[in-house]
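Me: I've got a model open and I want to check the labels against their cut-offs. Can you take me through them?

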Amino acid sequence: MSLCGGSGPAAAPRLRPRAAQMARRPELLCGAAIVLGCAFLVALKVTCSRAKDVTMPAKLPVNFFSTRSPVIDLFRGQLDYADHLRQDSEIVLYFFYAPWCGQSIAAREEIEHVASRLSGQVLFVAVNCWWNQGKCRKQKHFFYFPVIHLYHRSFGPIEYKGPMSAVYIEKFVRRVMTPLLYISSRSKLLDFLSNYEPGVLGYFEFNASPQPPGYLTFFTSALHSLKKDYLGTIRFGVITDKRVAEEISLVHSGSVYLHRHVNTSLIYPNDVMNYTAENICKWALENREMLIRWLRPHGGKSLLLNNELKKGPALLIFIPYNPLAEIHPLLDEITKVALEYHNCNKSQAAEPDLQHLGDTDSPAFDSSVPDAHMKLSETFSITKYPCCNTVVLPQWHSISRTHNVCELCINQTLGVKPNKVHVPHCNFLDIEAALDSFYLQEHTFFQVISNTIECSNFLSFYSPFSYYTACCRTVNRHFLSFISSEKTIFQTPKVAFSSHGKKDNTQHSIPHIEDRNCFIPDLHISGTNITGLSCRTNKTLNLYLLDSNLFWIYAERLGASRSTHLKEFAAIVDLKEEVHYVLDQNQSLVRSTLENFIKNFSILYSPLKRHLVDDPSVHFHEQRVITEVTTNTFHDTVFLSEKNVLLLYYAQWCGFCASLNHIFIELARLLPPDNFTVARIDITRNDLPWEFMTDRLPTILFFPHQRKEQSVKFPEDFSVNLPNLLKFILHYSSLSSSEPCTKECLHEETVLQQGHISHLEREIQKLRSEIGALHQAHDQLEAQLSEARREEHRLQQQKHTLEKQHKTLQLHSEQLQATYDQKNQELLEMAEKLQELADASENLLKENTLLRILVASREGKLQSKDEIKESLQSEQTLSEDNDVSVSTATATVEEKRIDNIDTIETDHSSGNRTE
């Protein structure tokens, strides 16, 4: 039999000396075993201690976009390479993503769709900003994903914060690609000014230079507006024709014009503000006119809707919107309604002017009407020279006691019509100075008493040569202001006071503002006109648009149908009054229905009914003990029912409401179902009329039969239990009505009460039997409890005993641990000693071997010496007489030689032993 791979006969000679050595010294065997065991334990301990520190390295990132995608995917976060790519491209879109982010995964397909359409004009680069070894993660510190940045050459980044939809992203990219619209004709100017969004126009002469002075600054200001307002609500245009620029009073190259529909349009004040891109953008954003605003909630936690609704009543219009479409008929209709609604000056100048602009491109403009250009310029001069602004007076102002709206005009020349005077352009700094002077001169402001308005002239606080004119009147805040006489709103005042308080009857003291009989709304308005309605009521609406393709869930929360295919919806939300009104969804969303909806809301006694939100998820069961009430079933269940109704107001989050369920179930089983109804309503999902709402949960209301209008609230200081609820119901259900009762009525009530009494007696008998059963169960429970207490006492004693034993065992364990540590230390020391002994034994074995070799050689030498002596003796006997002296000398020499050899061998063995 083989051992360790060797054959038996061959391995036996090798093992026998070792076995004999171990047999002679057994302590070596024991020491070797201990050493091997300690080495195994140390190796095992080291291995276990290192196992918990082992971590799996992060997986290498993979492609987020497909290799065939037009998007360059830098999935390892190579931000330096992305910057290198940007240097060679004019328009670059960066898509910073995290591979695990669900929104990044959802936006990936949208980005690919946009890239497939614009890849020839825009470079699309996706960067993984989550891999910890990438430069993007180290340099960029985004706290949300995905992030989209656009660069227009060296300008950027322009962050896109709109909806992650392909059409919206593409629209924004196209706005960055072409931030300016070039206007070369009057028809294009008409289209630009007719848009509901605010517009900024710049006039530059490109004849002398391809880049006239100020053009790059204006171009950069358009990019700045996109950077500050990602919605792109301000449009920037460039007029390249001098005649077209003169239509809006732009004469000098580099002039900038801000178009506003309702208030006076402004020209950028180059003499006051530096002509920089930041200033132009800031000026446009501060003075823009927002008739309609788009709302685009991002879906997370945000105060966007709350902040907007706090501004006042809001008209929310949900329409399907495609930003890439060229025409939007429904949006145009809504824009017309907004313009009419906010046109407080009732000025027809803007519309005719735009109409004239549209007609100037026709052939008749140049042939049949040679003076049309002159008339058109005169029309614009009339509208631009009176620099006026409508002021709504605060309640603390002294004039607000008699009037609430004033028209404030600056740089006026008294007694002369504005079309006969050359007046400087209007700018917002002059308006601001006029407003300051108007409020500061409160104590010296004298009014002119007239039938309709009061006017006055006063000096500016900032310049003694500047006069201002203010005409004030009262705008009624209710529907009665819509109906008035056919008299004109402005009449020439009989008397006027100057700013010094002196009476002046000359013509020059009368402000010319009465010639502008369009700046305050006329009271003679037909029932179908909403022109200037926002200034004739204190229920002014803010108009908002939402894309129903993205935010239809908000419309459903307001009351829109879930099953409709046409996603058009309108609702008015009044956060202060906590009401909202819904436009009838059976009517199409057109201009006439919107106007009627707005007018019905604006009048004092509005015919609109508050929309009550109903919970559609409630399923009704006929066999239910407690009736579930919703908004739609509240009137039928409570008021039309011929039963006494007990109604519980609750909410899903109300924990105490849930604890009352078993009480109301018992109550519903006790009361006769033919005469009583126990119901409940989830007040957080169902709206009720205000008189039936509550501000405390739970709330219990009781509606007695034939006296539903005399509902009673369960007292709050009473505990809600079955006896109190029964007393409360029986007390108020037995009260007589206010009308006198006849004998038949008394008889019916007696029979009804007898029926109630018999029913209650039967129920009481049932309760008594149940109480007896409960007593028996109580006794059984008492016996079980006593047994359980004894068992608990016994277990407690066992617990104390076990705790003592545990303490004893813990002491033993500590002692054993100390002994173990001591023995372990001793074993380590013994192992070291054994190692030393093993080394010493190995040296001894070597010395023993050398000694044996020396002894063997010594014995051989002695034998050879004996043989030599014997030979010498034989020779001596043969030749004793021949040469005794020679043999003796030879023997002596031989002995010396042998002695020298022995001495050398002895010295050699001693040297080996010493080594």
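Reply: The chain's secondary structure comes to 24 helices and 26 strands, where helices are DSSP runs of H or I with at least four residues, strands are DSSP runs of E with at least two, and both are numbered from the N terminus. This is a predicted model, where local features need pLDDT of at least 70 and side-chain atom pairs count only at pLDDT 80 or more, while totals for chains, interfaces and linings use all residues. Residues are numbered from 1 along each chain as its sequence is written, and side-chain values use heavy atoms, with hydrogens and water left out.

Me: What makes R117 and E170 a salt bridge?

Reply: A salt bridge needs a side-chain nitrogen of Lys or Arg within 4 Å of a carboxyl oxygen of Asp or Glu. R117 and E170 have N to O at 2.9 Å, so the pair meets the definition. The two residues sit 53 residues apart, R117 in helix α4 (residues 102–118) and E170 in helix α6 (residues 166–177).

Me: Why is E170 called buried, and how does R117 count?

Reply: Buried means under 20% relative accessible area, exposed means over 50%, and partly exposed is in between (1.4 Å probe, protein chains only). E170 has 2%, so E170 is buried. R117 has 48%, so R117 counts as partly exposed.

Me: How do you know that E308 and R293 form a salt bridge?

Reply: Their closest N and O atoms are 2.5 Å apart, and that is within the limit, so the label holds. E308 lies in helix α11 (residues 304–309) and R293 in strand β11 (residues 292–294), so the pair ties together parts that are 15 residues apart in sequence. E308 is at 6% relative accessibility and therefore buried, while R293, at 30%, counts as partly exposed.

Me: What about R562 and E556, why do their side chains count as a salt bridge?

Reply: The N to O distance is 3.7 Å, which is within the cut-off, so R562 and E556 qualify. R562 is exposed because its relative accessible area is 59%, and E556 is partly exposed because its value is 23%. Salt bridges with shared partners also join R117, E170 and R174 into one network. The structure holds 17 salt bridges.

Me: What does V167 touch?

Reply: V167 touches N322, P323 and L324, not counting residues up to four places away in sequence; contact means heavy atoms within 4.5 Å.
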